[in-house]
Amino acid sequence: MTNPLSDLQLVSLQWNHNRGLGTNQAGTDQTLQFGPRFKVDVSENWNAITRVKVNGVKVQNVNGINNAGMGPTQIETFFTQKSDKTGVWGAGPFIQAPAGESGDFGSRQWGGGIRAVFVTKPKPWTFGILTYQSWNMGGSAGAGTLRSPSTGTTNVFSAWPFMAFVTENAWVYSLDSESSYNYDARRTFNPINAGIGKVVRIGEVPVEFSVGARYIASGYPATLQYPGTPRGWGARAQLTFVLSE
């Protein structure tokens, strides 16, 4: 379950809580992400692993805004060889659909590009890095206003190194960094996540429960038109159901 290229078909629910938004850094946001992942046998030697990430967002006291709505939706596909080797890789297309016209919940631009991942699995460890390059495919810059250029854009390069350790009794300890660089803002966003989880069976279904803390090491500044990126400490919880093994 720690391998993004595994054959497991699953559904996850991930909750994130962030602080430090807005010009006075008094705002918060909460995101609930619904993330199904499924595998398609492309050929005798290749799989296609597709994941959809649908985000619902609630913002509070962010430059006077209290609102809830849908955030950007991401769809990614990795084409990967069927292999029992310790090291595996995959690559494929990535697309992001905008978060509506308000811009309160993320970029109003469409984004598209390439996503790739490399994973090595020297049990009981999993190490890897996820990367993607996204380009603007249309839509307004900023967060709800054209007076806020070069912030809410999809011209982004991202690299997410990750590691996990799994014990014999199915406890999972993880650490990752969802680092990204926005070419228009010329700024980096660096959340660091640490978590602990447990895999159990509910009937015949394997389920992972996990909780953790996150810390924003650096981000984009806020303006009156743009909430900026979160600052300081936050929290994360996730529930993952394996649909087929």
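Is Y183 buried, partly exposed or exposed? At 39% relative accessibility, Y183 counts as partly exposed. The tour returns to this residue after a stop elsewhere. Keep in mind that the model is predicted.

**Stop 1: F94 and Y132.** A search of the whole structure finds 6 aromatic pairs. To begin with one of them, select F94 and Y132 and show their side chains: the two rings are stacked, with 4.6 Å from centre to centre and 25° between the planes. Now colour the strands. F94 belongs to strand β6, residues 87–97, and Y132 to strand β8, residues 125–136. The pair therefore ties together parts that lie 38 residues apart in sequence.

**Stop 2: Y181 and Y183.** Next select Y181 together with Y183. These two form an edge-to-face aromatic pair, 5.5 Å centre to centre and with 90° between the planes. With the surface still on, check Y181: its relative accessibility is 30%, which counts as partly exposed. Y183, from the opening question, is partly exposed at 39%.

**Stop 3: W125, F127 and F165.** Hide the surface and select W125, F127 and F165. Ring pairs link these residues into a cluster.

Key
Residues are numbered from 1 along each chain as its sequence is written. This is a predicted model: local features need pLDDT of at least 70, side-chain atom pairs count only at pLDDT 80 or more; totals for chains, interfaces and linings use all residues. Side-chain values use heavy atoms; hydrogens and water are left out. Rings of Phe, Tyr and Trp (its six-membered ring) pair if their centres lie within 6.5 Å; planes under 30 degrees apart count as stacked, over 60 as edge-to-face and the rest as tilted. Helices (H or I, at least four residues) and strands (E, at least two) are DSSP runs, numbered from the N terminus. Buried means under 20% relative accessible area, exposed over 50%, partly exposed in between (1.4 Å probe, protein chains only).
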